[in-house]
Amino acid sequence: MDHVRTDEPSSDLALMADFAARRERAAGVLYDRFASRIYGLGVVMLGNHPAAQDLVQDTFVKLWRTADRYDPQRGRLETWVLLTARSLAIDALRRRVLESRSLQSVGVQPEDDPEPLPDEQAAVADLSARARRAMGVLSPEQRSALELAYFGGRTTAEVAALEGIPQGTVKSRIRAALLRLRAEMAKESGR
Amino acid sequence: MTCDQIRELLPEHLLGSLEGSEDLEVRRHLRGCVACRDERMKLEEGVSALSRAVHDQDPPPELRGRVLGTLGEEWEESGRPAATPLPSGGFRRERSPWRAFAAAAALILVVGSIAFGFAQGHRASLATTDAQSYRNLLTVLGGKEFRIGKLRPAEGSTMQGQALIYDGDPSGDWSSWAIVFAKVPGYTGSATATLLSSEGESQALPPIEFRGGDGETLLVTYADLTRFDRLTVTSPTGQVLATAAIDHA
């Protein structure tokens, strides 16, 4: 009888199967591949380093809990990891808003986040400058639609309402923005 | 939906903001359309480019230890046997070969005797096996459950047989198994058994090679089989020979 195993070396499916099976090496490989982008996403979306670190930790715990659901037929591992992190960052932002509102409703001023250290401020400024440069290749309309959808977690209908444009226009702007960024990245790698 | 309609929905599908029937429709279409899969891949590369260009920043070195340590705690507390501590302070949980062999031996004990009875024309059925036996087996093996199905011949086919799925635990180290025994008197050749889900997903088992009219196949995987609730057996030309609905043992 044939025995089929799905753990071909180096495939993302095998990596996730090993991660689901609690192999520390797989966890280390995943961390080394994706931590910097999850961390950067946290810095951009949540605005401070402690929150970005928490986002990395929470993302890896969630990835482990849902590792069995990863299906390469449905998309790349990279996209799945990034969208998991983005979804958690959006949840964190929503929690902040809710906590802030509930504290204000009982007359307590919410605590400000701790003041970032100078090197943290410099790192955030550097990342912001890089982000501006990268997004600079997009038209203002494309940039706005992509930022609202990707960083803001807004649906097409919500972006359309915020921008006062038809949903079809939002979809085509997001699509054009992603394809433009892909083309720019290909140009950069060719240099 | 047409390719144009699907492509319009791809950005939302990719960003996870498409829900319900539309998302299901997109996924179904993608499975059978290479051109739209290419388009999705381009958009995914766009997301990748965005993430590299806009939010790629090295975290502090100590975060790696913290995250791996947290995973170690998570693994230890997840209700399964304790993991072996590594010198680094993390935890390792390897798939244990003995468990796979134990599962194989146990399953062969159960279905082997049934297959023998089946081959002898006694019409023994996995469905009639004592449910308590499956429960006992689960207690020994761990994992979720056993599910069974009887092969029903398609029109013009004489194929009969049984299918058995053992759902391990895809989030842990219990592999899942799918076994099919089939019988077509006088037939020599091959056939393919494919598991199907209600969402249109499929998982093929290794080919069934028939000798003297009897054939069987076994799939061992760490993928999640719980979503599969039907099985079809097809000939090399794609003709459906038999189907089975798979239900709790």
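The model is predicted: local features need pLDDT of at least 70, side-chain atom pairs count only at pLDDT 80 or more, and totals for chains, interfaces and linings use all residues. Residues are numbered from 1 along each chain as its sequence is written, and chains are lettered from A and ligands numbered from 1 in the order in which they are written.

**Exercise 1.** Describe the side of chain B that touches chain A.

*Solution.* Step one: 58 residues of chain B are in contact (C-beta atoms, placed from the backbone, within 7 Å) with 60 residues of chain A. Step two: the elements of chain B that each supply at least two residues to this side include helix 1 (3–14), helix 3 (34–54), helix 4 (62–76) and strand 9 (214–221). Helices (H or I, at least four residues) and strands (E, at least two) are DSSP runs numbered from the N terminus. Step three: helix 3 of chain B gives the largest share, 13 residues. Step four: by residue class, this side of chain B comprises 25 nonpolar, 13 polar and 20 charged residues. Here Ala, Val, Leu, Ile, Met, Phe, Trp, Tyr, Cys and Pro count as nonpolar, Asp, Glu, Lys and Arg as charged, and the others, Gly among them, as polar.

**Exercise 2.** Characterise the packing of helix 2 of chain A against helix 4 of chain B.

*Solution.* Step one: the axes of helix 2 (residues 24–46) of chain A and helix 4 of chain B are 11 Å apart, at an angle of about 140°. Axes are lines fitted to C-alpha atoms, for helices over the stretch in contact, and angles run from 0 to 180 degrees between N-to-C directions. Step two: helix 2 of chain A is therefore oblique to helix 4 of chain B; angles under 35 degrees count as roughly parallel, over 145 as roughly antiparallel, 65 to 115 as roughly perpendicular and the rest as oblique. Step three: chain A contributes A:Glu24, A:Ala27, A:Gly28 and A:Tyr31 to the contact, and chain B contributes B:Arg64, B:Val67, B:Leu68 and B:Leu71.

**Exercise 3.** Determine the surroundings and pairing of strand 9 of chain B.

*Solution.* Step one: seven of the eight residues of strand 9 of chain B are buried (20 or more other C-beta atoms, placed from the backbone, within 10 Å of their own), so the strand is largely enclosed by the rest of the structure. Step two: strand 9 of chain B pairs (at least two DSSP bridges) with strand 5 (residues 176–183) of chain B, in the antiparallel sense over eight bridges. Step three: B:Thr221 in strand 9 of chain B stands opposite B:Ser176.

Conventions. Two residues are in contact if their C-beta atoms, placed from the backbone, lie within 7 Å. A residue is buried if 20 or more other C-beta atoms lie within 10 Å of its own, exposed if 12 or fewer, and partly exposed in between; C-beta atoms are placed from the backbone.
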